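Let's take a friendly walk through a model with the sequence and structure side by side.

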Amino acid sequence: MKSTRYLVAVPAALALALAGCGGSTGTSGAGGDTGSDTGSGDTAGYSTDDSNCADEEVFCIGLVTDTGNVDDKSFNQSAHEGAEAAATELEGVYKYIETQDAKDYAANMAQFTDNSYDAIVTVGFLMTEATVAAAEENPETKFIGVDQGYPEGTELTNLTGLIFPEDQAGYAAGFLAGLMTETDKLGQVLGQEIPPVQKFAKGFENGAKAANDAVSVQTVYHPAGDNAFNDPVWGAGEARKQLAQDVDVVFGAGGNTGNGALQEVAKADGAGESVYCIGVDTDQWDTVPQAQPCLITSAMKLITKGVTDTLMTAESGEFEGVQTVGEAGIAPYHDFEDTIPDDVKSQVEEIVAQLQDGSLETGVTL
Amino acid sequence: MERLSTWASKNRTPLVIAAAVLVAAYAFNLVRGDIAPSMFGAAWGYAIPLVLAALVGVIGERSGVVNIGIEGQMLLAAFAGFFVAAVSGSMIVGVLAGIGTGLVAGGFLAVTAVRWRMDQIIAGVVLNIIATGLTSFYLVSGQSLPGVIPNVSVPLLSQIPLLGEVFFSGRSVIALIAILAAVLVHLALFHSRWGLRTRAVGEYPSAADTAGIKVERLRMVNVTLAGSLAGLAGVYLSMDASSTFEREMTAGRGFLALAIMIMGAWRPLRAFSMALFFGFVNATASQLQQTGGFSIPPQLTATLPYVATLVVLAVAAGRVRPPGAVGQPYVKKDQ
């Protein structure tokens with residue numbers, strides 16, 4: 001009798017806790033009007049005066065962040081810098097809105113479309129649906145969705161999703177790891193087993209094996225679904241286990257779960273001397289400073305360059321398609337510039353160049 | 001000597017199981033010395049917060065109070081510990097703040113569920129919602145801890161092969177406290193006056209009341225003090241096992257601890273073993289995924305912990321009985 005209480009209570013409590021979190025993120029009210037900060041960059045090169053955006057001559061760029069700020073040292077900041085560069089280059093107008101609540105995506109985009117902006121950049125895959133809907137409603141405005149893959153059958157000429165070859169980023173990082181390892185054992189601590197993560201992981205493995213065919217790669221994905229990218233404790237535990245099994249380079253790819261792994265490696269004995277870690281997506285030297293003791297590089301999506309290039313395309317004519325494929329590479333070595341031997345650096349550089357010009361295939365199939 | 005043999009004959013089944021597990025563990029270590037210690041280490045690392053949290057549940061329920069808010073207590077403590085340490089620049093201040101927050105959260109549950117006689121399940125759920133809300137709302141990124149909680153290794157004990165390596169070295173003092181806490185709560189619960197009173201209050205409060213025990217006061221004290229263990233579990237998550245605070249980073253560990261408490265039949269040492277078992281199943285699941293070799297799809301190995309839980313619960317079903325008065329606020333009949 002009593003124990004049946006748990007059968008009801010535990011799931012009910014879970015459900016309520018989850019519901020509770022849905023209602024309590026970010027500021028309340030109309031974030032689009034009141035709760036959002038509208039950017040005003042007074043830096044030279046572009047204007048923030050959007051009163052004459054309806055004018056054919058003036059190219060106006062608006063950027064809507066995913067819930068986060070343009071100085072988040074991650075996706076939002078990279079996209080923001082790309083848009084700034086494009087606006088400077090085109091001598092156009094640029095403004096951004098920092099979204100406070102996921103419910104405000106549409107309202108924030110509407111602030112730009114109402115003002116006859118020419119191009120709108122939306123950041124992050126969470127905005128995918130909102131971006132497609134806005135693009136359908138505003139055929140005159142060009143939309144660029146960073147890291148957004150659209151479903152088959154999306155046929156809009158004013159919309160492109162900027163995606164990145166994760167497998168290439170993983171391949172380059174894996175190649176470096178394969179050259180750096182002393183024990184010939186590499187580890188990967190990953191988030192959920194979904195296509196972008198798998199592409200990073202398989203690219204890493206192929207790259208490592210291309211560099212060093214004696215290498216073995218230990219791969220582990222987070223088993224649970226909804227918190228797979230937000231479990232740093234699990235990530236740290238797995239990294240610790242891999243290190244104990246002689247792994248000396250750990251690739252942490254999976255949001256906060258992967259970051260947990262990086263931080264654990266940074267705390268380990270010999271961090272930065274005999275054991276190293278590699279980050280993902282953006283240059284994690286900036287996003288996870290705690291990982292700096294071991295972080296030799298990050299498998300990086302070149303978001304800034306991709307956004308700038310795509311905005312230039314938007315200004316001059318038509319998008320190349322519903323998806324635009326950007327470039328991938330690896331982040332700077334920072335303090336490990338001297339640790340990594342010159343011949344390793346030049347080999348990795350060559351690999352990155354070959355990947356980017358298409359002469360080298362990663363061999364990743366999902 | 002005689003006492004020892006009566007004790008042994010009274011606890012024959014657990015002793016036989018423990019011996020079998022130990023033999024199996026050393027045998028595994030002999031066969032796969034390359035991975036065994038790290039797997040046991042991973043199991044223990046996974047189990048540490050579960051042990052602490054399960055003890056919170058055991059103390060609460062043994063006193064007759066369901067604590068479904070352990071998840072929230074841990075989350076609040078993880079938050080407070082991390083940010084107080086980051087802002088104050090002192091790890092010890094952060095740890096104390098985390099434990100203090102656990103106490104306050106325990107006190108909240110005590111006041112609502114015991115003093116105000118609110119439905120205990122709802123009080124716990126309220127605690128969880130408040131914890132998720134507050135910690136998500138006040139979360140700021142870009143903070144980092146001023147240091148790490150140093151690892152300690154216990155003299156002599158850490159020399160024991162395998163066991164010493166897993167339990168008594170290479171971990172922080174929180175891990176040692178978890179072991180000590182399980183033993184102490186066991187001794188206190190079954191071999192002390194406080195324990196007898198607590199169990200009486202949880203089984204049959206009106207009889208305890210007749211015998212002159214202040215039911216409400218004992219429940220409030222127990223639930224509040226148990227909060228410090230939840231606080232320590234939270235501190236472990238954000239300051240020791242990882243060095244960061246993320247939204248909902250407890251990731252269901254508070255609820256898992258309740259399941260472990262039930263699997264452990266509301267007994268501290270059994271809950272301790274169950275947490276270890278759970279940790280080991282998890283370590284096995286990831287090891288299978290990691291080494292590959294077996295042609296088992298990862299989706300299947302990922303279900304291993306859940307399958308194991310089902311099996312254990314099925315075996316234990318019907319044999320475990322919760323404390324008699326759990327979930328019922330105590331109201332004096334003749335008032």
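## A sheet in chain A

Chain A holds an open sheet of six strands with mixed pairing, in the order β7-β6-β8-β9-β10-β12. Strands here are DSSP runs of E with at least two residues, helices are runs of H or I with at least four, and both are numbered from the N terminus. Two strands pair if DSSP finds at least two bridges between them. At the edges stand β7 (216-221) and β12 (328-330) of chain A; each has a single partner strand, so one side of each is left without a neighbour in the sheet. On average, neighbouring strands of this sheet are turned by 15° against each other, direction ignored.

For a look inside the sheet, find β8 (residues 249-253) and β9 (residues 276-281) of chain A, which run parallel and are joined by three bridges. Across from Val250(A) you will find Cys277(A) in β9(A). Helix α7 (residues 195-211) of chain A packs on the sheet, touching β6 (185-190), β7, β8, β9 and β10 (295-301) of chain A. The direction of α7(A) makes about 175° with that of β6(A). Such angles run from 0 to 180 degrees between N-to-C directions, with axes fitted as lines to C-alpha atoms, for helices over the stretch in contact.

## About the model

This is a predicted model: local features need pLDDT of at least 70, side-chain atom pairs count only at pLDDT 80 or more, and totals for chains, interfaces and linings use all residues. Residues are numbered from 1 along each chain as its sequence is written, while chains are lettered from A and ligands numbered from 1 in the order in which they are written.

## Chain A as a whole

Chain A has 12 helices and 12 strands. Of its 366 residues, 56% are buried (20 or more other C-beta atoms within 10 Å of the residue's own, with C-beta atoms placed from the backbone).

## Where chain B meets chain A

How many residues of chain B are in contact with chain A? There are 45, and they meet 39 residues of chain A; contact means that C-beta atoms, placed from the backbone, lie within 7 Å. Elements giving two or more residues to this side of chain B are α3 (36-62), α6 (120-137), α11 (215-241), α12 (253-263) and α13 (268-291) of chain B. With nine residues, α6(B) gives the most.

Methods: Two residues are in contact if their C-beta atoms, placed from the backbone, lie within 7 Å. A residue is buried if 20 or more other C-beta atoms lie within 10 Å of its own, exposed if 12 or fewer, and partly exposed in between; C-beta atoms are placed from the backbone.
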